[in-house]
Amino acid sequence: MLLAFPLLAKPSFTEYAEGLRQEAVERGYDADLIEQVFSSLQFHERVVTADRNQPERVETLDTYLPKRVSETRIRMARERYQRYQEQLKEVEARYGVQGRFIVALWGLESSFGRFMGNHSVPSSLATLAYEGRREAFFRSEFFHAMDILAAGHIELDEMKGSWAGAMGQSQFMPSSFLSYAQDFDGDGRKDIWGNQMDVFASIANYLKRLGWDNSQTWGREVKLPENFSMDYAIPRGTPNRAAWLREWARTERTLAEWQALGVRRLDGRDLPEREIKAALILPDNEGGRAYLAYDNYKTLMHWNRSYYFVTSVGYLADLIAAGE
């Protein structure tokens, strides 16, 4: 005989938020901050809808790039790059990251600070934790957001971001903010929402801390010979970053070795004669575009583990340089 046990009803958002409040008290946050944050918390149904209904587009790099790196974005990127030359040079001197990559990431993440999201970050994170699909992650991010508020980097009513909790002009999650955000001008606040120098320095610090090499670029599109073995490329669909890095280490070769295998520049010329290693990336598998990716590509994949996104960063950075 099977015994029937009643299923526990899911708590309401108000009850869930009360649990977060009790944990905040136990963690020792200031009582005024706790009152301020928790009196403002709201359940955002649109956030849950956005999380559950992320579109699975049938996309290729050829359809993705023109949308992400449009003529308008290229023009704006070149204009911003020239406008902020002095500031970008300061940041490059301190962190060793080329300004064109900073501007490319800035443009692709928030359209140069124009679209940072208008959701309350604590409410978005509490909503996503309550929704439960990735509760541990979003619950942790909620308390990281509390840490940022407690440190005085931003006021609660200004702590706006995307529906998923990514914040500011660089679209950092709170954990990334705590790890990489910078107070470049020394005013005591790491302001990735409104302080342009802090935005640039935070992007640069993220890349530098994860291995950026200022002596290299990101990679190049290449032409493969006929009947080229796809075993030389990193396979798509690796389950996590660790597995992807293992495939990178297994497949990377020197440019001279790729040259010997018949790989050429896109226009058919020989590859550069440089002592540098690269891995072969095929964003759309066999038959699509092919790229020899340098270590900086690997660093950009830390930022967003998407071939399409990282390739768009490099593509835009190259177009910024071409417009100098």
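How do the residues of the lining of the second largest pocket divide into nonpolar, polar and charged? The lining has six nonpolar, three polar and two charged residues. Here Ala, Val, Leu, Ile, Met, Phe, Trp, Tyr, Cys and Pro count as nonpolar, Asp, Glu, Lys and Arg as charged, and the others, Gly among them, as polar.

This is a predicted model, where local features need pLDDT of at least 70 and side-chain atom pairs pLDDT 80 or more, while totals for chains, interfaces and linings use all residues. Residues are numbered from 1 along each chain as its sequence is written, and side-chain values use heavy atoms, without hydrogens and water.

The second largest pocket holds about 240 Å³ of space. Its lining includes Trp244, Met301, Arg305 and Tyr308. A pocket is an open set of points on a 1 Å grid over the protein atoms alone, where a 1.4 Å probe fits, with protein on both sides within 12 Å along at least five of seven lines; lining residues have an atom within 4 Å of a point. The volume is the space filled by probe spheres set on the points, which are joined across faces, edges and corners.

Now the helices (DSSP runs of H or I, at least four residues, numbered from the N terminus). H12 (residues 241–251) and H14 cross at roughly 175°, and their axes come within 12 Å. Axes are lines fitted to C-alpha atoms over the stretch in contact, and angles run from 0 to 180 degrees between N-to-C directions. H12 and H14 are therefore roughly antiparallel, a term for angles over 145 degrees. Trp244 and Leu245 are among the H12 residues that meet H14, where Met301 and His302 are among the partners. Contact means heavy atoms within 4.5 Å.

Ile203, Tyr206 and Leu207 of H11 touch Thr299, Leu300, His302 and Trp303 of H14. No charged residue takes part.

Elsewhere, H2 (residues 31–40) packs on H9 (residues 135–150) at about 125°, with axes 11 Å apart. That makes H2 oblique to H9. Leu33, Ile34, Val37 and Phe38 in H2 meet Phe142, Met146, Leu149 and Ala150 in H9. The contact has eight nonpolar residues, no polar and no charged ones.

Notes
Helix = DSSP H or I, 4+ residues; strand = E, 2+ residues; numbered from the N terminus. Parallel < 35°, antiparallel > 145°, perpendicular 65-115°, else oblique.
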